[in-house]
Amino acid sequence: TFRFGPPDNLLSVRVNSESVCDNANLLNEGQKARILDVSGEDAIAIRLMEMGLTDGEEIEHLGCAPLGDPIEFLIRGYRLSLRSTEARRVVVERIV
């Protein structure tokens with residue numbers, strides 16, 4: 001399954017029947033995923049990578065604020081809160 005849309009929605013790709021490539025903002029609470037990429041080459045993308053969002057790292061969605069923004073993740077043993085626009089840039093593969 002391929003899903004394309006405006007730049008802020010990026011893409012969702014079904015790799016096989018068990019794993020799905022998505023954006024971190026689409027993970028449900030408690031779901032774990034492996035980071036595949038951080039999209040963009042601007043200052044925000046670089047800052048996200050400096051905060052530990054690098055290829056191959058495991059990320060877990062811990063929860064979000066009552067209105068849905070920011071979203072809290074667990075990565076490398078620490079909690080990280082990202083705006084949904086920032087989390088949308090993190091391409092992940094869900095861990096089943």
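## Terms and model

Strands are runs of at least two residues that DSSP assigns as E, and they are numbered from the N terminus. In this sense, Pro 70 is found in the loop between S5 and S6. The structure discussed here is a predicted model.

The mean pLDDT of the chain is 82, and 79% of its residues reach 70 or more. Residues 1-17, however, have a pLDDT below 50, although this stretch makes 31 contacts in the model beyond near neighbours in sequence. Where pLDDT is low, the predicted coordinates should not be read in detail.

## Overall architecture

The chain contains two helices and eight strands. Along the sequence, these elements follow the pattern β-β-β-β-α-β-β-β-α-β.

Of the 96 residues, 36% count as buried. The accessible surface of the chain is about 5,800 Å², and carbon and sulfur atoms account for 52% of this surface. When contacts between residues at least 6 apart in sequence are considered, 53% of them join residues at least 24 apart.

## Strand S6 and its partners

Strand S6 covers residues 71-75. On one side it is joined to strand S5 (residues 58-64) by five bridges, and these two strands run antiparallel. Within this pair, Gly 63 stands opposite Glu 72. Strand S6 also pairs with strand S7 (residues 78-82) in the antiparallel sense, over five bridges.

How are the residues of S6 divided between a covered and an uncovered face? Ile 71, Phe 73 and Ile 75 form the covered face, whereas Glu 72 and Leu 74 form the uncovered one. In a regular strand the side chains alternate between the two faces of the sheet.

## The two turns

S5 and S6 form a hairpin with six residues between them. In its turn, Gly 68 has a positive phi of about 95 degrees. The loop between S5 and S6 also holds Pro 70, and the peptide bond from Asp 69 to Pro 70 is cis, with omega near 10 degrees.

S6 and S7 form a hairpin with two residues between them. Arg 76 lies in the loop between these strands and has a positive phi of about 55 degrees although it is not a glycine. Most residues other than glycine have a negative phi, and most peptide bonds are trans. Is Arg 76 buried, partly exposed or exposed? Arg 76 is partly exposed, because its relative accessible area is 47% and this class lies between the limits of 20% and 50%.

Conventions:
Residues are numbered from 1 along each chain as its sequence is written. This is a predicted model: local features need pLDDT of at least 70, side-chain atom pairs count only at pLDDT 80 or more; totals for chains, interfaces and linings use all residues. Side-chain values use heavy atoms; hydrogens and water are left out. Buried means under 20% relative accessible area, exposed over 50%, partly exposed in between (1.4 Å probe, protein chains only). Helices (H or I, at least four residues) and strands (E, at least two) are DSSP runs, numbered from the N terminus. Two strands pair if DSSP finds at least two bridges between them. Contact means heavy atoms within 4.5 Å. Accessible areas come from the Shrake-Rupley method with a 1.4 Å probe; for residues, only the protein chains shown count as cover. pLDDT is the predictor's confidence in each residue, from 0 to 100.
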